[in-house]
Amino acid sequence: MQDTQENRRLWLLATPGLLFFLIFFLIPVSALFLISFDKSSTGIVDIRWMFDLGNYERFFSRAIYYEAALRSVGLAMLVSIIALFLGYPLAFLIAKTTDPARNTFLMILVLSAMQLDMVIRLFGLMVLMGDKGLINQAAAWAGWTDGTPIPLMYNFFGVVVGLVQFTLPFMILSLVGVIQGIHPSLEEAARSLGASRWKAFWKVTVPMSMPGILSGMLLVFALAISSYVVPTLMGGWKVVVLPIHIFQQISELAKWQFGATVAVIMFLISIAAMLVYQRSASRLAGGRI
Amino acid sequence: MSNVSLKQLVKTYGSTTAVDDVSVDIAEGEFFSLLGPSGCGKSTTLRMIAGFESISSGEIELDGRGVSALPPEKRDIGFVFQNYAIFPHMNVFDNIAFGLRLRKFPAEDIKKRVTAALEQVGMSGLEARLQNEMSGGQQQRVALARVLVTEPRILLLDEPLSALDKNLREEMKFWIKNLQSNLGITTIYVTHDQGEALTMSDRIAVMKGGKIAQLGTPRDIYQRPKDVFVAKFIGESSLLQGKVTDASETGCTFTAAGQSFKAMMRPDLKVGDAAALVLRPEQVLVSDDAPGEDWNGASGTVTSISYQGATLRYELAVGDQTIISESAIGPDTPELANGQTVNVMWHVDHAWLLPV
């Protein structure tokens with residue numbers, strides 16, 4: 001009796017959030033899903049109720065689109081792997097720093113990277129990596145190049161660097177908590193049983209970090225595959241990924257239906273990735289997640 | 001040759017000294033306890049022996065070989081943690097096989113040894129259990145099996161029973177002691193529970209402020225405490241404050257609360273010194289009769305009586321001091337009343353003085 005009453009009160013408290021989610025997320029996304037099956041048109045969007053699979057056929061029959069999908073997936077996977085290898089040691093350091101002042105300092109360092117607007121951070125990156133940027137100027141000054149700039153930006157490499165810079169703090173944040181949750185006695189137990197520091201790390205710490213590793217990679221994957229700003233600014237429209245197609249179709253060509261199709265496909269890829277991660281997570285964790 | 005030898009062991013953290021000049025030799029097969037309140041340096045000492053903490057100065061020798069430079073995995077020790085430290089991502093079998101696999105034992109051999117180890121700790125058939133599917137007692141048994149299966153030279157136990165409930169703790173106490181004496185493995189046991197230390201140990205080092213306050217057999221430490229700290233930490237005791245008023249070769253006279261008693265003399269006391277008499281509750285008798293020879297008697301007043309089930313406990317005022325007496329309830333236990341004047345008695349052999 002009391003339980004149901006408390007439940008009802010909880011529902012009441014959750015209602016505004018639920019409504020917001022419904023009105024400003026679920027409905028627009030569903031609308032997008034709906035028009036992705038509508039007959040393509042140009043101009044101001046309206047629902048024409050002429051549903052077929054034409055847009056999807058178009059997507060999978062033209063290399064420019066499905067190659068962009070493959071590029072997007074490859075890019076997001078690469079970025080999630082790089083972010084893991086850069087982020088894990090840093091997260092490990094933060095997790096094992098017991099001194100509160102030092103720990104706070106490291107945490108602020110990571111979080112401050114998230115505070116600055118991404119566009120501003122990318123402009124900073126451009127100052128560093130542009131053809132006349134700091135790196136190229138320094139290289140020329142040191143005589144390592146004959147003045148021809150090293151192409152650091154407006155290519156795949158630039159996009160990867162930009163995406164890693166953008167996603168690394170998320171990776172670190174998902175790892176720190178998990179690593180901190182591993183009791184130090186577990187590693188000590190492994191050591192006393194005959195494991196070297198390295199063995200203890202691989203056989204105890206890494207497997208026990210797996211939930212954080214997988215959720216971090218999934219988060220980074222989702223952020224990277226859906227990023228529009230980074231491939232635009234760092235890739236200079238040369239690295240064409242799905243969000244760029246979506247933006248072009250809708251904003252420049254006013255082809256809402258086809259833009260929506262690309263968006264739905266990107267969304268499905270993210271969901272698929274999530275399922276793959278989830279399954280491998282539960283397999284790696286021996287069914288504990 | 002002693003099995004474990006601590007030589008002037010010191011551990012400092014910044015300006016605080018956690019372990020301060022600890023020297024002790026532990027014999028092959030001995031059950032040795034480090035006993036003390038939290039922060040006394042007992043766990044730090046154990047962790048230095050294991051190699052989890054570095055040594056600030058001094059040396060640790062295992063089988064006569066200095067091991068300060070050796071990492072934990074090269075010390076041939078087994079360590080059991082207060083929280084058991086069962087690997088949660090492995091089942092019981094893999095937990096116990098962990099050390100054997102690192103030593104590259106063949107698979108059939110591992111299976112045989114793990115099975116035998118599980119039998120030894122009474123956990124046969126639970127190979128597939130995960131950490132979160134086991135009770136504390138079961139985890140403790142697995143932790144012991146995991147350590148013993150690697151046949152370490154020395155077993156180190158860090159408060160292994162403190163997370164268990166009382167009944168299980170009592171049971172495990174005897175079980176661990178039996179297992180240890182059957183295997184004859186040198187064991188160092190850290191605890192803050194004097195009952196555990198007294199029951200299980202061959203010898204106990206009582207620690208305080210990073211130093212060994214007293215080193216001895218359980219009997220020594222209980223009956224002949226070196227100072228007030230040890231007397232109060234081990235078992236219950238009443239301290240009768242007074243003065244040494246006369247001394248001979250066989251004993252001394254101790255005056256407290258306006259009465260004189262016979263007591264054993266100790267070399268660090270002389271006539272005129274203030275001292276305290278340690279009286280264990282079970283060694284103090286309450287009676288209407290006069291004390292016999294070799295017995296001390298004091299006149300006291302019953303101020304409180306409490307029934308403890310197996311025993312009766314009296315608080316007795318002797319002068320302005322209090323003595324506790326606790327005796328088993330038998331058929332001839334006298335019925336005393338509050339305010340009654342009685343003879344408070346204890347044998348001369350139990351009249352142990354402490355410097356104050």
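Helix H7 of chain A has a kink of about 40 degrees at Thr167(A), shortly before the proline Pro169(A). The bend at a residue is the angle between axes fitted to the seven residues ending there and the seven starting there. This is a predicted model, in which local features need pLDDT of at least 70 and side-chain atom pairs count only at pLDDT 80 or more, while totals for chains, interfaces and linings use all residues. Residues are numbered from 1 along each chain as its sequence is written, and chains are lettered from A and ligands numbered from 1 in the order in which they are written.

**Chain A: helices**

- Chain A has twelve helices and zero strands. Helices (H or I, at least four residues) and strands (E, at least two) are DSSP runs, numbered from the N terminus.
- The C-alpha atoms of chain A fill a box of roughly 80 × 70 × 35 Å, taken along the principal axes.
- Of the 289 residues in chain A, 32% are buried. A residue is buried if 20 or more other C-beta atoms lie within 10 Å of its own, exposed if 12 or fewer, and partly exposed in between, with C-beta atoms placed from the backbone.
- Take contacts in chain A between residues at least 6 apart in sequence: 71% of them join residues at least 24 apart. Two residues are in contact if their C-beta atoms, placed from the backbone, lie within 7 Å.
- Back to H7(A), residues 156-180: at 1.5 Å a residue, its 25 residues should span 36 Å, and the end C-alpha atoms are 35 Å apart, which agrees. The expected span here is 1.5 Å times one less than the number of residues in the helix.
- Is Gln5(A) buried or exposed? Gln5(A) is exposed, because 9 other C-beta atoms lie within 10 Å. You will find Gln5(A) in helix H1 (residues 2-35) of chain A.
- Gln5(A) and Glu57(A) are 52 residues apart in sequence, and their C-alpha atoms are 52 Å apart in space.

**Chain B: the overall picture**

- Chain B contains eight helices and 20 strands.
- The C-alpha trace of chain B spans about 75 × 45 × 35 Å along its principal axes.
- Chain B has 356 residues, and 39% of them count as buried.
- For contacts in chain B between residues at least 6 apart in sequence, 67% join residues at least 24 apart.

**Chain B: the six-stranded sheet**

- An open sheet of six strands in chain B has the order S6-S7-S8-S3-S9-S10, with mixed pairing. Two strands pair if DSSP finds at least two bridges between them.
- S6 and strand S10 (211-216) of chain B stand at the edges with a single partner strand each, so one side of each has no neighbour in the sheet.
- From one strand to the next, the twist averages 15 degrees. Axes are lines fitted to C-alpha atoms, for helices over the stretch in contact, and angles run from 0 to 180 degrees between N-to-C directions.
- S6(B) and S7(B) run parallel and are joined by four bridges, and Ile77(B) has Ile154(B) in S7(B) as its bridge partner.
- S7(B) and S8(B) also run parallel, with five bridges between them. Here Leu155(B) is partnered with Thr187(B) in S8(B).
- Strand S3 (residues 31-35) and strand S8 (residues 186-191) of chain B are parallel and joined by five bridges. Phe32(B) has Ile188(B) in S8(B) as its bridge partner.
- How many residues of S7(B) are buried? Five of its five residues are buried.

**Chain B: a hairpin**

- Strand S1 (residues 4-13) and strand S2 (residues 16-26) of chain B run antiparallel, joined by seven bridges. Tyr13(B) has Thr16(B) in S2(B) as its bridge partner.
- S1(B) and S2(B) form a hairpin with two residues between them, and Gly14(B) in the turn has a positive phi of about 60 degrees.

**Where the chains meet**

- In all, 18 residues of chain B are in contact with 17 residues of chain A.
- Strand S6 (77-80) and helix H2 (92-102) of chain B each supply at least two residues of the side that touches chain A.
- That side of chain B has ten nonpolar, five polar and three charged residues. Ala, Val, Leu, Ile, Met, Phe, Trp, Tyr, Cys and Pro count as nonpolar, Asp, Glu, Lys and Arg as charged, and the others, Gly among them, as polar.
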